[in-house]
Amino acid sequence: MLKLALDREPFWLDLAAGVRVRFKSITVAAILVARQSAAEVLKTDGEDTTTMAGLAFTRSLARAGILEWDGVGNAEGEPVEPSPDNIDAFLDLWPMFDAVDRFYVAPAL
């Protein structure tokens, strides 16, 4: 039986010790935008384009979905907002990228 998930309220995910992120539900529109981001990478010549396309896909969904977070700060330890640049820096840390990919992106696929 196909079960429709009609509850599209934002939700929190604990991604690491002391780090939690509030996400919007992933929509069809967000998936299509993420696919386009991955397709743009695949059009380029270079090594590891498949890997980079996967990164672009997850990054696109994270940028669209992250609403707020706790436990994320700058080099001085001051809290920072989840701007596109801060989300990119957040995803440049392997444990955070892996957690977002496994607990936020993968279940939507």
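The bend at a residue is the angle between axes fitted to the seven residues ending there and the seven starting there. Keep that in mind for helix H4, where a kink of about 35 degrees is centred on Asp101. Before going on, note that this is a predicted model, with local features needing pLDDT of at least 70 and side-chain atom pairs counting only at pLDDT 80 or more, while totals for chains, interfaces and linings use all residues. Residues are numbered from 1 along each chain as its sequence is written, and side-chain values use heavy atoms, leaving out hydrogens and water.

Let's stay with H4. Helices (H or I, at least four residues) and strands (E, at least two) are DSSP runs, numbered from the N terminus. H4 covers residues 94–108, 15 residues in total, and spans 20 Å from first C-alpha to last, close to the expected 21 Å; that expected span is 1.5 Å times one less than the number of residues. Its buried residues (buried means under 20% relative accessible area, exposed over 50%, partly exposed in between, with a 1.4 Å probe and protein chains only) are Met96, Phe97, Asp98, Ala99, Val100, Tyr104 and Val105. They pack against strands E1 (11–16) and E2 (19–23), plus helices H2 (49–65) and H3 (84–91), where contact means heavy atoms within 4.5 Å.

Now for the strands. Two strands pair if DSSP finds at least two bridges between them. E1 and E2 run antiparallel and are joined by 5 bridges, with Asp14 standing opposite Arg20 in E2. Their hairpin has 2 residues between the strands, and Gly18 takes a positive phi near 80 degrees there. E2 is also joined to E3 (residues 66–70), again antiparallel, by 4 bridges; Ile66 in E3 is the bridge partner of Phe23. In a regular strand the side chains alternate between the two faces of the sheet. In E2, Val19, Val21 and Phe23 form the covered face, while Arg20 and Arg22 form the uncovered one.

Glu9 lies 15 residues from Lys24 in sequence, with 6.9 Å between their C-alphas.

Finally, look for the largest pocket, about 240 Å³ in volume. On a 1 Å grid over the protein atoms alone, a pocket is an open set of points where a 1.4 Å probe fits, with protein on both sides within 12 Å along at least five of seven lines; lining residues have an atom within 4 Å of a point. Grid points are joined across faces, edges and corners, and the volume is the space filled by probe spheres set on them. The lining includes Ala5, Phe11, Ile26 and Tyr104, and H4 gives the most to it, with 4 residues.
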